[in-house]
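Trainee: Hi! Could you walk me through this structure?
Mentor: Happy to. Have it open while we talk.

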Amino acid sequence: MGENGSGKTTLIESLVGIIPLTKGQVEWFSEKDEPLIIRNHSGTRKKPHPFGLTLQSDGVCGEEKVTERLITALNVSGIDCSQLEAKQILEEWGMSHRGEDRVSQLSAGLRRRLAVISGMAPAMMCEAPRLVFLDEPSEGLDSFSKGVLKKWIGELSQYGNAIVMASHDEEIIACSSRILTIESGEISESKNNIEEELYMERQFLSERETKTISSLFTWSYSIERRNPVDTIGKATPAILALLLSYSVLTGMDTSQATLSNTNIGNHLTAALILTPAFISAVISPAMIRRLSEEECGKWWSAVCGPQFRPATSIIASSMLLPLPLTYLSWFVLEGSLPVGSSEEILRWLWLPSLVIIDISCAATALHLLVSDLRRSGAAASSLLLIVLIWPFMELVDALSVIMEVGMSSEISIGSPLASIIIASIISAMVWAVAVIIPDA
Amino acid sequence: MPDTNPPSSVRIGIGLTALGISGAVVTALMGVYYAPVVDSTAFNAPEAYRILYWHVPFAWSSFLAFCMLFIGAVAWYKDRSDWGWRWFSTGSDLGLLFGLGVITSGPIWGSAEWGVPWDWGDLRLNTFALLTGVALFLVLSRRSQPDGQETRDTLAAVGLFGFALVPITALATTWYQKRHPGIVLVSGEETGLDPAIRTVLMMGFVSFLILFVGLAILSNEVIRMEDRLEQSKSELDGGP
Amino acid sequence: MTGTSEMIVAYTILSFILAYYVNHLRSRIVDLSLQLEIFSSDSEE
């Protein structure tokens, strides 16, 4: 406990590995007493054992459904939970009727209730003792929910789980056996005698290995399916660029006499074909905005550990659009441009568009880097994307050579394969730097 | 200026800045009126070459600024030291200032001399452009974001990212240049310089170095004053 | 084409960039000094 601004939230976020440390380290101990350094001041960060977490800002995305949120929290910590079992848990908290509602439809109090359930369930439904971190769990809860909260705290304690809570609420503080008070940067400890209550035996759920990254993928895929903002947001400017190119070209003299068999002609063609896919690759993904909602990204970062950033930069990138957009550009623009053998081009067009996926991963890593800023909407992230022009131009070169002389399997300076490999390497290097440095 | 005497560092900064600007103006005048005319058969735009006398010192100063940015970012990341953050902030401000000068004067000269304002295969031009872009991002972000350890950590990471881009850009432009031979920005810069040209260039180097130090001191002092002001305001936040 | 106009444009732009920044620093120092005076006298009170 402590005053506003004393550092309670900072302490909890440091303990779960969200905040980098300037001194010391955070060590967790498994039930076999084996230490695991979660984070230290020299940049080490390890994935923690499965645990439960409720952040002060809920940590949930508005697109998630209530049951989906609970099941995700349990899956991430290695607990299999069916829809029916999730409903039963929600029933205890008086929320089962809201199971199929989106989080955005809930009131602030219900959202808070869901965040608390999702934070405590990974320990509540598991036989093995676990750590639970709760930041202001009773904030925004009504008296009924607070009663269930206190009951769950007691039950978790009875089954040997450890709960770390930050709170102002005297009733919740009274549930604690050890009270740490933070004042002027100093921590003092006091003990508290709690009356042990007997609780009914609980039916635990089956445990398996944790699947944090696959849960993140499943979560992002199901949210995107529900509200395809990312796909629309990327495809629309790409298609607009394509239509613009088409309308400009149909008004131009692009006959053999002016453009054919020249480096400029093939370069222009290649650039126009690849531009829509490139645009879709560099636009900021919707997943990053979703992760920014209510500090949802912080929750995922805590449970995924150091794998969060590299995994998110790949999951959130434009995987499905570059290929169809490139072929669409070709079919739309083909008639307006003088090009070489269209069969050869069609056969190899997939290769540069695959590398555009690499560019997309690099762009997503950069957007993710900028999203760490508290007011990321006020940051000009596009300035950092300029470096991706080089891999794009290498791809344009590759495609223009394919148009002129066809594809070859040799890897030498100027060959299409070499240009494509170079583009891929540059994108990979930018991705690696943007992913490694922030967590170093 | 306020009634009270400015601190000594501000006075030194002002003095060096004034001296540097004077030297820079003299350099420009010498470059226009004293420096020799170049062979008009060797140059497409023989008078445009005189941009050199500010373009090169601007480039050198921006290089110093980016070094300062990098050292500051490493110092902040390592120890979260205040001087590291001040160097980082000053480096980004001056990197933007001098970098903008390089990437505006360079293309103007390039258009006149080679008819091409930009060359994606030229390492120096593109490295400066990238680092200037990163510096612009950092300057804008420092103004728009709430100051705090997390913000500083992220911006320092972006600063380090900018530096990791330098070798990546070197590779990228080298690979690209294999098919698109780069335009040499300054032919004969390293060897065989006319003594008069060398004199004016040296004058430019020295003037801009003095100017750089003066501006760095003043910028550093502004950051210190902002910190002191923020501290004073925080003390008053607690209430009467 | 001798490039004289390009030279003039380049020097003008570079001078403007320098002058703008020097003026910015000057006005920041003046403004901050004034504010520091005000806040230090407030805290003394």
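Mentor: One term to start: two residues are in contact if their C-beta atoms, placed from the backbone, lie within 7 Å. This is a predicted model, where local features need pLDDT of at least 70, side-chain atom pairs count only at pLDDT 80 or more, and totals for chains, interfaces and linings use all residues. Residues are numbered from 1 along each chain as its sequence is written, with chains lettered from A in the order in which they are written.

Trainee: How many residues do chains A and B put into their contact?
Mentor: Chain A provides 28 residues and chain B 29 residues.

Trainee: And which element of chain A gives the most to that side?
Mentor: H18(A), with 6 residues. Helices here are DSSP runs (H or I, at least four residues), numbered from the N terminus.

Trainee: What classes are the residues on that side of chain A?
Mentor: There are 21 nonpolar, 2 polar and 5 charged. Ala, Val, Leu, Ile, Met, Phe, Trp, Tyr, Cys and Pro count as nonpolar, Asp, Glu, Lys and Arg as charged, and the others, Gly among them, as polar.

Trainee: New topic: where does Met30(B) lie?
Mentor: In helix H1 of chain B, residues 8-34.

Trainee: Why does Met30(B) count as partly exposed?
Mentor: Because Met30(B) has 17 other C-beta atoms within 10 Å; 20 or more would be buried, 12 or fewer exposed, and partly exposed is in between, with C-beta atoms placed from the backbone.

Trainee: Which residues is Met30(B) in contact with, neighbours within four places in sequence aside?
Mentor: Ala35(B), Val200(B) and Met203(B).

Conventions
Helices (H or I, at least four residues) and strands (E, at least two) are DSSP runs, numbered from the N terminus.
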